[in-house]
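Here is a short note for a colleague opening this entry for the first time. Please keep the model in view while reading the points.

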Amino acid sequence: METMTWILALTLATLRLATPLVFASMGGLMSERSGVVNVALEGFMLIGAFAGAIAGQYFASAWMGWGFAILAGLVIGALYALFVIELKADQIITGMAVNLFVMGFIPFVTKILYSSTGSTPALLVEDRFTFEPLLMAGLLVAAISLWMFRTRSGLWVLFAGENPEALTASGVSVRKVRWSAVTLSGAFAAMGGASLSLFLASSYSPMMTGGRGFMALAALIFGKWKPVPAFAACLLFAFADAVQIRLQGVQIGGVEVPVQFVQILPYIVTVIALAGFIGKSRAPKALGHQ
Amino acid sequence: MKRVFGFLLGLTLALLLTLFAGENPWNVFMILVRSAFGSIYDLGLTLSYTTPLIFCGLSVAIGFHAGLFNIGAEGQLTMAVVTTAAIGVLFPQIPFPLAPVIALLAGLVAAGLWGWIAGWLRAVRGSHEVIITIMMNFIAAGLASWFTLKIIPNPESQNPETAMVAPQYMFKDYDLIARLFPDTPANASLGFAIVLAVLMWIFLWKTTWGFELRAVGSNPEAAHRAGISEKKVRILAMTLAGVMAGFVALSEVLGSAGQYRIGFSPDYGFIGIAVALLASNNPLGIIVAAFLMGALHKGASDLDLETTTITRDFSRIIQALVILGVVAQGYWEWIKIKRRKG
């Protein structure tokens, strides 16, 4: 019986921890399928977590927090699109610069708002999400898999990433498709961030993403740039994370495993996933080309 | 020239942001300048940031030359610094000239290995080097923190740091640069960093290996047809990148602190990206770019004290906007097109 509760608890923890990864990874999917590399997911997530926590606390409502996180995500997504699509800046460098900017910008704002550079004030328990983001993450994966491969506008995104010339030839603007995809990518990743600060925790704390933006990207690559396999990869990484939390302080053969060894588990799983099984995974053809 | 303009544009935009915090941008600029160069002491601190930034700039640049993004300098330098400190703590009986050499070599091997793993995974398994190196940063931080807190902690301090290395590991007595800047961590490794930058310039432009490396970076297909093994070059480049970042152990452990302190690096590896970019990956330009970024970093440290609403995190905003200003050179074309249309 005890094993059953243990397995159930681990499964629930895995699903909860997968939520931010799933949103961010769907954000990455939008951008990368349209041909734009996106290593700015980490920054998008941080902005989402931050905006969500502030608005959620201000309006005492998780939904308001969610809404503002989406708004902030759209803005930063559009900003990224401006640089990589219009100004033709190198996508990876710009992505890293966006991450760096966010890491400086958030303490800059908290200092003005709360005269501290640390966390935002905590939300009351009843103002937090209990399960909603988890449900929305599942729905988003289903919606994207149907939309991307079954509808005209979904195919536009796929063609923008595979064969932009053909898309242009059929009279659709690659530029506009990429703008929309990258801006939406910001919104999705920001939802992932907001599910950290409004669902898994109850406030924003510095660097709370802890590399999840990059893990989401790894899940996307591991999942061969397809929604459902990427979702499965997110579950794998979240499982490693859940196991990591469970293992802290656990003794194996009378010796306590050092907490640091346990904490790096999700990162090691990510490296192994990218190294071992990627094999024939093929990136969208026009990915990273200007 | 465009790069200088990009730098100034980024800096100006960042300073204008301070208006939102109710500060006078000109004031903020003056604080940055004064705090970076105001006194011998300030200059010494600026130079002590410059040195690791040269190493990290070289690390990122050598990756770029081979067409690879090394976001892993932070993890590589962490591995080197903790390894070097460990040798100095665990083997106090090694005599002077040998001690620092062995400790540094061990650190460079650890950092080189960290780079090699990323290079090997990229070349042989096709793994995305950006994500791999970032994950390796987290893994390095975890390992270093375990080693520091559990194996060789400092018994005399509550701070998260290793014990001090034995005195003969440090070259303080022979350090002319340290004497010029008393009470600051500036040390002779600055001179070494400059020499290393020159050596790297010679390597890249005057040796066959350097040529092969650049060939793979600029046109992998042509390089392949010319019989150059991309795999070997990529693995070599990432290993060298690790070694370059590993030299931070020289300035940090052997030159100034004498120990590994968790969190000693204000993301040197990350700022190294900005340094390499600002210098178009030219090793000699990296010396200047590292000095600029070092000055910005030191300058921002006094913002905490001298303004009410701006903190040292502001240096990240400046760095980010400077990178964007330099990398988005497309705005020249963009403005031209807009003007033609308008």
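**Notes on the interface and two residues**

1. Chain A and chain B bury about 4,000 Å² between them, and carbon and sulfur atoms give 83% of that area. Buried area here is the accessible area (1.4 Å probe) that two parts lose on being put together, summed over both. I93(A), L100(A) and F108(A) supply 16% of what chain A buries against chain B, more than any other three residues.

2. A word on the basis. This is a predicted model, in which local features need pLDDT of at least 70 and side-chain atom pairs count only at pLDDT 80 or more, while totals for chains, interfaces and linings use all residues. Residues are numbered from 1 along each chain as its sequence is written, chains are lettered from A and ligands numbered from 1 in the order written, and side-chain values use heavy atoms, without hydrogens and water.

3. The contact (heavy atoms within 4.5 Å) takes 41 residues from chain A and 45 residues from chain B. Three residue pairs, both at pLDDT 80 or more, are in polar contact. That term means a pair of N or O atoms within 3.5 Å; within protein, one must be able to donate a hydrogen and the other to accept it, and residues adjacent in sequence count only if both atoms are side-chain atoms.

4. Which helix of chain A gives the most to the side that touches chain B? Helix 4 of chain A does, with 14 residues.

5. Now helix 3 of chain B, residues 40-65. Helices are DSSP runs (H or I, at least four residues), numbered from the N terminus. Of its 26 residues, 23 are buried, meaning under 20% relative accessible area (1.4 Å probe, protein chains only). G67(B) follows helix 3 of chain B, with a positive phi near 75°.

6. H65(B) lies in helix 3 of chain B. H65(B) counts as buried because its relative accessibility is 13%. Its side chain reaches the backbone oxygen of N281(B) at 2.8 Å. Beyond four places in sequence, H65(B) touches residues including L204(B), W205(B) and R214(B).

7. L32(B) sits in helix 2 (residues 25-37) of chain B. L32(B) is buried too, at 6% relative accessible area. Setting aside neighbours within four places in sequence, its contacts include L15(B), L296(B) and I318(B).

Notes. Helices (H or I, at least four residues) and strands (E, at least two) are DSSP runs, numbered from the N terminus. The expected span of a helix is 1.5 Å times one less than its number of residues. Buried means under 20% relative accessible area, exposed over 50%, partly exposed in between (1.4 Å probe, protein chains only).
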